[in-house]
Amino acid sequence: RLEQVHRGLGEMQTLAAGVGDLKKVLSNVKARGTWGEVQLRSLLEQGLAPEQFAENVATREGSSERVEFVVKLPGRDEEAPALLLPIDAKFPLEDYQRLVEAAEAGDVAGCEAAGQALDLRVRQAARDIRDKYVHPPRTTDFAILYLPTEGLYAEVLRRPGLCDRLQREHRVVVAGPTTLWAFITSLQMGFRTLAIQRRSSEVWELLGRVKADFARFGDALAGVQKKLQEASNKIDEAQRGTRRIQKTLSGVEELSVVEAPVQPA
């Protein structure tokens, strides 16, 4: 039993070390941002084709500000440039962690203060995204603020009027992992529908050309039929002439047999 307890304690220490390493990583702002970016890239790679999105794109010509990812929305036709949809990942973990800890401790004042701080941090992130990356007509008139965890996303949604304010004032839509995946899936279906529509127009154009070619083929076939009918008539006429000649030759043979002199014995 002591050996089993000792082995279990070793496994718990290993797990605690892993949790500590994860906490250390998430406590670093740069590493935390990289983790959110990697997660966002993974979702885009799973849901879209490589040519349907791009990474580190300057949405304004000559600007040094680059958004983490853009989704390339098709233009009105194949020659029109793609419309860019900016998506940027943010991870305000400190404010959210303080809010969770205050809620677990039953600290009402702490919850209120941490909630207001999270509110301000998210609004500031949305303002930065709008000012740096939203530039119609090269981009859409809105952008997506991606929050890498469902808990953080649910807390932002729970804040009274926050999401509506972000959409109305900053033209930014908040999305969590599940919401963004659903959005990407709907975009992919839209891309397929558009591709089918464009291909269907090409098919109709091809059918139009085939119809014209088939009409010319019908005229040519009618001409061939006419020539064949003329040839058939000529053959029938030749056959009738052949029968007349054969009848005449048959009369000549009979005449030669009747009029032939009988040789004396």
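Buried here means under 20% relative accessible area, exposed over 50%, and partly exposed in between (1.4 Å probe, protein chains only). The model is predicted: local features need pLDDT of at least 70, side-chain atom pairs count only at pLDDT 80 or more, and totals for chains, interfaces and linings use all residues. Residues are numbered from 1 along each chain as its sequence is written, and side-chain values use heavy atoms, with hydrogens and water left out.

Select residues 162–170, helix α6. Helices (H or I, at least four residues) and strands (E, at least two) are DSSP runs, numbered from the N terminus. Leu162, Cys163, Leu166 and His170 are buried in α6. Viewed down the axis of α6, the buried residues fall within an arc of 105° (taken from the directions from the helix axis to the C-beta atoms), so they line one face of the helix. They pack (heavy atoms within 4.5 Å) against α4 (108–133), α5 (150–158) and β5 (172–175).

Step on to Arg171, which follows α6 and has a positive phi, near 55°.

Next, select α5. Leu152, Tyr153, Glu155 and Val156 are its buried residues. Their arc around the axis is only 160°, which puts them on the same side of α5.

Now show the strands. Five of them form an open sheet of mixed pairing, in the order β1-β2-β3-β4-β5; two strands pair if DSSP finds at least two bridges between them. β1 (53–57) and β5 are at the edges with a single partner strand each, so one side of each has no neighbour in the sheet.

Finish at β2 (residues 67–73) and β3 (residues 83–89), which run antiparallel and are joined by five bridges. Pick Val71: its bridge partner in β3 is Leu85.
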